[in-house]
Amino acid sequence: MTEQLRLMAVHAHPDDESSKGAATMAKYVSEGVEVLVVTCTGGERGSILNPKLQGDAYIEANIHEVRRKEMDEAREILGVDQDWLGFVDSGLPEGDPLPPLPEGCFALADVDQAAGELVRRIRGFRPQVITTYDENGGYPHPDHIMTHKITMVAFEGAADTEKYPEAEFGPAFQPQKLYYNQGFNRPRTEALHNALLERGLESPYGDWLKRWDEFGGKPRNLTTHVPCADFFETRDKALIAHRTQIDPDGGWFRVPMEIQKEVWPTEEYELSKSLVATSLPEQDLFAGIRENA
């Protein structure tokens, strides 16, 4: 290698990095790739989803600080670096009609200005590859959709010195590839669901599959399958570190590890932009880049 490989993963909240592409990141770290997670918000408006911690007065009063500490622990487990963009969590609006988003939240920020903060990180870190969410946000949380928007602008804007002048944002840089996380895809869910039933085990995916058309959106083009089964345990440890957000006894962990590794040993991505030649399907986010590095 004549150039250090670098991967940037852009996420909306602390815990997203551990539920979307975590095994991939841990795999690349083990290979010497530099990995930077950029977290757009502090998760201040996130609900306490772990029933064992609900009602804890300290956590409720200090959720921002608690989630930062959880992120620090997950970062250490995955072996990645991590940076905050500093925006405020928008929360997930509920009701019919939906209430307005809170003033000053990430989802209401000016897209170009918010993208400028990400441009600053891209130019400083200089990643060849960036991962983020698709246009639906993976699921329609306003912060996930906003994360998609600013990443798309920043991918191009990092090389645009007229829009983001070097004097303010640092030397121009053009990433080579942009991917959407697609780890929660229907083929994987169906494969694990069927494998559990075939073994006489209960599946946590039955209701998901019944409602997939309602929530799953259009079928995605799974262009890239990264083999990373050896890092599934690392992924789970990082996710459990976000203890306010995940119940270690919940549905996330009901598929035995040996079945996961046997039936679906990869994490999936959708190649959105590439400035290098590559052949699909891929098994490496750096396909077309390693050969020229």
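Is Trp-208 buried, exposed or partly exposed? Trp-208 is partly exposed, at a relative accessible area of 43%. Here buried means under 20% relative accessible area, exposed means over 50%, and partly exposed is in between, with a 1.4 Å probe and protein chains only.

Before going on, the conditions. This is a predicted model, where local features need pLDDT of at least 70 and side-chain atom pairs count only at pLDDT 80 or more, while totals for chains, interfaces and linings use all residues. Residues are numbered from 1 along each chain as its sequence is written, and side-chain values use heavy atoms, with hydrogens and water left out.

Back to Trp-208, which sits in helix 9, residues 206-210. Helices are DSSP runs of H or I with at least four residues, strands are runs of E with at least two, and both are numbered from the N terminus. Together with Phe-184 and Trp-252, Trp-208 makes a nonpolar surface patch with about 330 Å² of accessible area. Patch members have over 30% relative accessible area and no salt bridge; nonpolar side chains (Val, Leu, Ile, Met, Phe, Trp, Tyr) are joined within 5 Å, and like charges within 9 Å. The areas come from the Shrake-Rupley method with a 1.4 Å probe, and for residues only the protein chains shown count as cover.

Next, salt bridges. The rule asks for a side-chain nitrogen of Lys or Arg within 4 Å of a carboxyl oxygen of Asp or Glu. By this rule there are 25 salt bridges. One of them pairs Lys-163 with Asp-112, at 3.2 Å from N to O. Lys-163 is in the loop between helix 6 and helix 7 and Asp-112 is in helix 5, so the pair ties together parts that are 51 residues apart in sequence. Lys-163 is partly exposed at 39%, and Asp-112 is partly exposed at 36%.

Glu-190 and Arg-186 form another, with the closest N and O atoms 3.0 Å apart. Both lie in helix 8, four residues apart, about one turn of the helix. Then there is Arg-235 with Asp-236, at 2.9 Å from N to O. Arg-235 is buried at 12%, and Asp-236 is buried at 14%. Salt bridges with shared partners also join Lys-27, Glu-31, Asp-284 and Arg-290 into one network.

Arg-188 goes the other way. Arg-188 is in helix 8, residues 186-198, and is buried yet has no salt bridge. The nearest side chain of opposite charge is Glu-268, 5.2 Å away. For charge, Lys and Arg count as positive and Asp and Glu as negative; His and the chain ends are not counted.

Now helix 5. Its 15 residues, 111-125, should span 21 Å at 1.5 Å a residue, and the end C-alpha atoms are 21 Å apart, which agrees. The expected span is 1.5 Å times one less than the number of residues. Among its buried residues are Leu-118, Val-119, Ile-122 and Phe-125.

Last, the backbone. Most residues other than glycine have a negative phi, and most peptide bonds are trans. Asp-15, not a glycine, has a positive phi of about 110°. Asp-15 is in the loop between strand 1 and helix 1, and is buried at 14%. Arg-126 has a positive phi near 60°, and lies in the loop between helix 5 and strand 4. The peptide bond joining Leu-280 and Pro-281 is cis, with omega about -5°.
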